Amino acid sequence: MIKNTSESLKFFLLLAFVFSTCVSARAGLNNFTDLIFLDEWLIERKIDLEKNEIKCRASIPSKATWFGARVRLGSENELIKPIWITLKKDQFIEPKLTKLKKLLDECRSGFIFLPDNQ
């Protein structure tokens, strides 16, 4: 039993700490969540528990939907760029796209994804 105010306060702080650390995290389960950035390119990941699949995708974020108006890499790692979007040349140079494709392959390869320093 709690005997005094000091012990009551300690007990309360301990409970507050325990409950504050039990906050759920965005883990990419059944929804795409942000994973890492490679310059302006965002890599997102989704772990589909029903199909037991890991899906990763890359795009340059904008205020548009994924399929509507984002420059992105398709399912075969092909560059998809809506014709009305203008890009700087350095956003899709081959060395950057090669590194991006490598990161996507690593992302899809297993449950744990630890990218190298970029």
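Me: Is Lys 96 buried or exposed?
Reply: In this predicted model, Lys 96 has a relative accessible area of 11%. Buried means under 20%, so Lys 96 counts as buried.

Me: Where is Lys 96 placed?
Reply: Lys 96 belongs to helix α3.

Me: And which residues is Lys 96 in contact with, leaving aside neighbours within four places in sequence?
Reply: Those residues are Leu 38, Asp 39, Glu 40, Trp 41, Asp 90 and Gln 91.

Me: Which strands does α3 lie across?
Reply: Helix α3 lies across β1, β2, β3 and β4. The helix runs at about 155 degrees to β3.

Me: Turning to the sheet, in what order do the strands come?
Reply: The order is β1-β2-β3-β4-β5, in an open sheet of five strands with antiparallel pairing.

Me: Which strands stand at the edges?
Reply: β1 and β5 (79–80) do. Each has a single partner strand, so one side of each lacks a neighbour in the sheet.

Me: How many bridges join β3 to β4?
Reply: Two bridges join these antiparallel strands.

Me: On to the largest nonpolar core: which residues touch the most other members?
Reply: The core has 17 residues, and those touching the most other members are Trp 41, Ile 43, Ala 58, Leu 73, Leu 100, Leu 103 and Leu 104. At least two core residues come from each of β1 (33–38), β2 (41–48), β3 (53–60), β4 (71–73) and α3 (94–108). The largest share, five residues, is supplied by α3.

Me: What does Leu 100 touch, not counting residues up to four places away in sequence?
Reply: Leu 100 touches Leu 38, Trp 41, Ile 43, Ala 58 and Leu 73.

Notes
Residues are numbered from 1 along each chain as its sequence is written. This is a predicted model: local features need pLDDT of at least 70, side-chain atom pairs count only at pLDDT 80 or more; totals for chains, interfaces and linings use all residues. Side-chain values use heavy atoms; hydrogens and water are left out. A nonpolar core is a set of buried Ala, Val, Leu, Ile, Met, Phe, Trp, Tyr and Cys residues joined through side-chain atoms within 4.5 Å. Buried means under 20% relative accessible area, exposed over 50%, partly exposed in between (1.4 Å probe, protein chains only). Helices (H or I, at least four residues) and strands (E, at least two) are DSSP runs, numbered from the N terminus. Contact means heavy atoms within 4.5 Å. Two strands pair if DSSP finds at least two bridges between them. Axes are lines fitted to C-alpha atoms, for helices over the stretch in contact, and angles run from 0 to 180 degrees between N-to-C directions.
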